[in-house]
Amino acid sequence: MPRTNPFHGTGIAVCTPMLADGTIDFAAFDTLIDSLIGASVDFLCILGTTAETPTLSPDEKRAIRQHAVRIGGGRVPLLLGCGSNSTSDVVNFLQNEDLTGFSGVLIVTPYYNKPTQEGLYRHYCSVAEASPLPVVLYNVPGRTGVNLEAATTLRIAMNCPNVVAIKEASGRIDQIDDILRQAPEGFDVISGDDAITFELIEAGAVGVISVVGNAYPHKFARMVSDALHGQTKEALALHREFGELYKLSFKEGNPAGIKAVMAAQGKIQNVLRLPLVPVSQQTEETIKNYTATFADE
């Protein structure tokens with residue numbers, strides 16, 4: 001059976017809006033999901049890094065999954081983040097939780113315990129065997145403390161047919177290019193870094209899981225679409241328009257930056273859960289000034 005990746009084009013790493021008391025603002029979450037789909041994004045990533053997933057309880061995660069499926073299920077593919085630094089925890093989740101409405105799972109490299117490349121390979125083989133859905137690898141060494149090397153990614157891709165793509169957020173262009181050049185048929189690279197998405201698509205990536213797209217889905221999706229359809233000049237112009245936003249959104253970490261942007265737009269409240277905190281007052285003022293002049297059109 002041929003390998004099929006349902007996640008192409010512009011995906012959004014959906015943030016988790018919160019109320020002033022720190023509880024989840026489900027009304028804002030539902031509105032966000034609906035508005036992103038209305039902006040013609042191609043898929044949504046639920047419970048990824050941008051969602052502040054490590055601070056959410058199991059019941060909250062379950063409720064978020066249910067809301068995402070209720071609002072977005074059947075309208076766009078939904079990719080569910082459900083990685084862990086315990087292989088058995090991921091396997092148990094995939095075998096026992098209700099994944100109805102999702103088109104795939106995003107599995108981050110195990111964090112903190114820093115496995116070897118052999119350990120990473122065995123982890124993903126176990127996850128792939130257990131998963132009823134297509135698996136997308138997620139390499140983000142700046143957060144996890146371990147890099148999924150190109151040779152290991154390719155070994156997994158060769159031996160696990162239901163592993164369909166990798167979200168690459170290592171920032172290592174040479175490594176990503178090695179994967180793009182040697183990947184088996186049907187195995188794709190998805191950008192995990194807004195700032196180099198244009199470059200990666202030009203090199204052969206099939207899309208992005210975006211942070212800034214939470215705030216500017218129309219314009220960012222247009223940039224991605226132009227790049228994928230060979231309209232390089234137009235895509236490059238849009239990419240350069242986003243240059244300052246890329247910097248502001250990540251200056252004091254994600255999702256603090258994008259929540260400040262969205263709060264300035266009036267979409268959500270600027271509330272995060274400890275240990276994350278909102279951006280500094282100086283950065284917030286800069287973001288407010290920026291959003292006043294940068295339109296999503």
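This report describes the central strands, the nonpolar cores and the cysteines of a predicted model.

## Basis of the description

Residues are numbered from 1 along each chain as its sequence is written. In this predicted model, local features need pLDDT of at least 70 and side-chain atom pairs count only at pLDDT 80 or more, while totals for chains, interfaces and linings use all residues; side-chain values use heavy atoms, with hydrogens and water left out.

Helices (H or I, at least four residues) and strands (E, at least two) are DSSP runs numbered from the N terminus. Strand E4, residues 104-108, is mostly covered, with five of its five residues buried; buried denotes under 20% relative accessible area, exposed over 50%, and partly exposed the range in between (1.4 Å probe, protein chains only). Gly-104, Leu-106 and Val-108 point one way from E4, whereas Val-105 and Ile-107 point the other way.

Two strands are said to pair if DSSP finds at least two bridges between them. Strand E3 (residues 78-81) pairs with E4 in the parallel sense over three bridges, and Leu-79 stands opposite Gly-104 in E4. E4 also pairs in the parallel sense with strand E5 (residues 135-139), over four bridges; here Ile-107 stands opposite Leu-137 in E5.

## Helical crossovers

E3, helix H3 (residues 87-96) and E4 form a right-handed β-α-β unit. A crossover is right-handed if, with the strands pointing away from the viewer, the path from the first strand over the helix to the second runs clockwise. A right-handed β-α-β unit is likewise made by E4, helix H4 (residues 117-130) and E5.

## Nonpolar cores

A nonpolar core is a set of buried Ala, Val, Leu, Ile, Met, Phe, Trp, Tyr and Cys residues joined through side-chain atoms within 4.5 Å. The largest such core has 82 residues, of which Val-14, Leu-44, Ile-46 and Leu-137 touch the most other members. A second, separate core of 16 residues includes Phe-7, Val-108, Val-136 and Val-140.

Contact means heavy atoms within 4.5 Å. Leaving aside neighbours within four places in sequence, Val-14 is in contact with residues including Phe-29, Leu-32, Leu-44, Cys-45, Ile-46 and Asn-214.

## Cysteines

A disulfide is a pair of cysteine sulfur atoms within 2.5 Å. By this rule the count is zero. Cys-45 is in no disulfide, and its nearest cysteine sulfur, that of Cys-82, is 9.8 Å away. Cys-45 is buried, with a relative accessible area of 1%.

Cys-160 is also in no disulfide; the nearest cysteine sulfur, that of Cys-125, is 3.7 Å away. At 5% relative accessibility, Cys-160 counts as buried.
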